[in-house]
Structures are given as structure tokens and as C-alpha cells.
Amino acid sequence: PVGDARAIARHGRNDLEAPAIALCPAIADVLAALHGTAPWLARMSGSGATCFALYDDEHSRDAAAAQIQAE
């Protein structure tokens with residue numbers, strides 16, 4: 001990979017995401033909710049046990065957590 005860590009992460013992918021969503025559609029719902037909080041990256045980790053989002057700063061992270069908890 002070329003570039004800084006953010007660029008490499010943004011251009012990466014998880015080949016297990018589509019099969020995991022086919023088996024467990026709730027993963028797509030979780031990713032959609034995370035994307036709705038405006039992270040710079042939201043992904044499924046590994047085979048789908050965890051989804052995560054990364055934010056530019058603590059304020060954005062905390063606002064996203066509050067938004068997710070309110071839903």
C-alpha cells in the first residue's frame with residue numbers, strides 16, 4: 001500500500017463483508033448507523049463480529065456515540 005495510514009485504510013476492504021451481511025443482514029444496519037455519524041471510516045472487522053468507526057477528534061467521536069445511543 002502507498003500513502004499515509006488514513007489513505008491506506010480508506011482504500012482497503014474486507015472481502016468477508018458481503019458474505020457476512022448475506023448471513024446476518026443486521027451487519028448492514030450497524031454499518032449504516034455508523035456511516036450516519038459522519039466518521040472518516042466505518043468498517044466491519046474480521047468476519048463480522050465487530051463493526052467500528054473512526055473519527056477525526058474526540059468531540060466527533062463523542063457526538064457519534066450520543067447519536068447512536070439515542071437511536
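Leucine 16 is partly exposed, with 45% relative accessible area; on this scale, buried means under 20%, exposed means over 50%, and partly exposed is in between (1.4 Å probe, protein chains only). The model is a predicted one, so local features need pLDDT of at least 70 and side-chain atom pairs count only at pLDDT 80 or more, while totals for chains, interfaces and linings use all residues. Residues are numbered from 1 along each chain as its sequence is written, and side-chain values use heavy atoms, with hydrogens and water left out.

Leucine 16 sits in the loop between α1 (5-11) and α2; helices (H or I, at least four residues) and strands (E, at least two) are DSSP runs, numbered from the N terminus. Setting aside neighbours within four places in sequence, leucine 16 is in contact (heavy atoms within 4.5 Å) with Met44, Gly46 and Ser47.

Next comes helix α3, which spans residues 26-35 and has Ile27, Leu31 and Leu34 buried. Looking down the axis of α3, these buried residues fall within an arc of 60°, so they line one face of the helix; the arc is taken from the directions from the helix axis to the C-beta atoms. An α-helix has 3.6 residues a turn, so residues three or four places apart point the same way. The buried residues of α3 pack against α2 (17-23), β1 (41-45), β2 (50-54) and α4 (58-70).

Leu34 also turns up in the largest nonpolar core, together with Ala42, Ala53, Tyr55 and Ala64. Such a core is a set of buried Ala, Val, Leu, Ile, Met, Phe, Trp, Tyr and Cys residues joined through side-chain atoms within 4.5 Å. Not counting residues up to four places away in sequence, alanine 53 touches Leu34, Pro39, Leu41 and Ala42.

Threonine 37, in the loop between α3 and β1, is buried at 9% relative accessible area. A polar atom of its side chain lies 2.6 Å from the backbone oxygen of leucine 34. With residues up to four places away left out, threonine 37 touches Tyr55, Ala64, Gln67 and Ile68.

As for disulfides (pairs of cysteine sulfur atoms within 2.5 Å), the structure holds zero. The sulfur of cysteine 51 is 9.0 Å from the closest cysteine sulfur, in cysteine 24, which is too far for a bond. Cysteine 24 is partly exposed at 36% relative accessibility, and cysteine 51 is partly exposed at 22%.

Terms used. A polar contact is a pair of N or O atoms within 3.5 Å; within protein, one must be able to donate a hydrogen and the other to accept it, and residues adjacent in sequence count only if both atoms are side-chain atoms.
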